[in-house]
Amino acid sequence: AISACAEARQWERALLILTDDMAAHGVVPTVKSFNAVISACVKSGELERAMQLVDMMASSSCRPNVVTVTTLLHAVVKEQ
């Protein structure tokens with residue numbers, strides 16, 4: 001569902017799934033789910049929000065991976 005939101009550039013819905021829906025069902029977010037929301041934010045031009053998600057990952061004991069870093073790096077370069 002989060003990846004579908006990313007493709008549709010619905011970053012707000014993707015974030016709600018991550019923060020509200022998953023918690024309501026007792027699902028712990030994974031690096032893959034965070035990366036999907038980060039991707040949704042980047043595709044929607046919400047780079048600052050994507051960066052904030054990295055902080056949220058840390059507070060969730062979820063470590064960024066190469067996909068996280070690459071997605072953010074491409075977004076920063078694209079903005080230049």
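The structure is a predicted model, in which local features require pLDDT of at least 70 and side-chain atom pairs count only at pLDDT 80 or more, whereas totals for chains, interfaces and linings use all residues. Residues are numbered from 1 along each chain as its sequence is written, and side-chain values use heavy atoms, with hydrogens and water left out.

The protein chain contains five helices and zero strands, assigned as DSSP runs numbered from the N terminus (helices: H or I, at least four residues; strands: E, at least two). The C-alpha atoms fill a box of roughly 40 × 25 × 15 Å along the principal axes. Of the 80 residues, 32% are buried, where buried denotes under 20% relative accessible area, exposed over 50%, and partly exposed the range in between (1.4 Å probe, protein chains only). Among contacts (heavy atoms within 4.5 Å) with a separation of 6 or more, 55% are accounted for by residues 24 or more positions apart.

Helix H4 comprises 13 residues (47–59), and its end C-alpha atoms lie 19 Å apart, in agreement with the 18 Å that should be spanned at 1.5 Å a residue; the expected span is 1.5 Å times one less than the number of residues. Leu47, Ala50, Leu53 and Met57 of H4 are buried. Viewed down the axis of H4, the buried residues fall within an arc of 100° and therefore line one face of the helix; the arc is that of the directions from the helix axis to the C-beta atoms. The cover over these buried residues includes helices H2 (11–24), H3 (31–43) and H5 (66–79). On the other side of H4, Glu48, Asp55, Ala58 and Ser59 are exposed. Just after H4, Ser61 adopts a positive phi of about 60°.
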